[in-house]
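Welcome, and please open your viewer.

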Amino acid sequence: MATAALRRPYRGRFAPSPTGLLHAGSLVAALASWLDARAHGGVWLVRIEDVDTPRCVAGADTAILQQLARCGLQPDEPVLWQSHRGHAYQAALERLAQAGWAYPCACTRADIEAAWAARGVVRQRHAVLPYPGTCRPERGGLGGRPARAWRLHVERVVADLGLPVPLQWTDRRLGPQAHDVQAVVGDFVLKRADGLWAYQLAVVVDDAAQGITDIVRGADLADNTPRQIVLQRALGVPTPRYLHTALVLGPHGEKLSKQNGAQPLALDDPVAALRAAASVLGLPDAPAAVDVPAALQHWTQAWRARWVPP
């Protein structure tokens, strides 16, 4: 899977959601993706992932771009907003449906839990049950109920394309990975019941459209990778290389996030913020009294030595 990406000129991206300002954890992901692009002599893009419009904060996208600029992280091409890309997601969904790989679904979360309970399976706290395939066309489809969402028929995609089970890939930092998408997730959502586009479809379509060869992001997103690879195969687009970085953790060992009260970055001293992010990435500290460009150059050299084969 990595071979195709290696043959193309390097193109990486940072894709924040404008649900608030960048915090310490998001700066780690931004810095890592920027350093990887620079260390490979490639292009670095910024994409605003604002498809989940109810959660987006007005003006956060502009503020995020300003935060990045304050840290010396400037995109090499114009910024892309996912909220402008609905036509591309619709075209992808139609292609999948025409191939028999996407179908409408009428199920609520309660319906899914009830279906599993009927089989003697009860959802554990914080666990997510895989979709049981209730609305698959071969099982009668919607059964007269109105459609709520659209799902990918994972089993059919895997069978038609001859994909291995479990799906296997290699993460540049985490090493060999294996995941049975059908068993763990089931037929995942492509278009939500509220009419919004699901993250999995939007990110795959946009990575392909922007020619992304390498995705560098936090380890909390590693479990999205197998679903995205299945979608890449179904849409016939290249699979990028992946590197999932270490996370900034909260006081109780949980991932630092906007949902658990992460504070916006204090950028009165951007070099200090970058030093903290570089430390999480295991990079050597920059010399004292350097400015942002010099610090970034120092860490680019260190990243190249660590992550770019000679």
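Select helix α6, residues 154–161, where helices are DSSP runs of H or I with at least four residues, strands are runs of E with at least two, and both are numbered from the N terminus. Val154, Val157 and Val158 are buried here (under 20% relative accessible area with a 1.4 Å probe, protein chains only). They lie on the same side of α6, because they cover an arc of only 95° around the axis, taken from the directions from the helix axis to the C-beta atoms. Next, show β5 (149–152), α7 (181–184) and α9 (225–235), against which the buried residues of α6 pack. Then click on Gly162, which follows α6 and has a positive phi near 65°.

A word on the model: it is predicted, with local features needing pLDDT of at least 70 and side-chain atom pairs pLDDT 80 or more, while totals for chains, interfaces and linings use all residues. Residues are numbered from 1 along each chain as its sequence is written, and side-chain values use heavy atoms, leaving out hydrogens and water.

Now go to Leu190 in strand β8, residues 189–191. Is Leu190 buried or exposed? Its relative accessibility is 0%, so Leu190 counts as buried. Leaving aside residues up to four places away in sequence, Leu190 touches several residues, including Leu93, Trp150, Trp197 and Leu231 (contact means heavy atoms within 4.5 Å).

Finally, select Pro270, Val271, Leu274, Arg275 and Ala278 of α10 with Val292, Leu296 and Trp299 of α11, and you will see the contact between these helices.

Technical notes
Buried means under 20% relative accessible area, exposed over 50%, partly exposed in between (1.4 Å probe, protein chains only).
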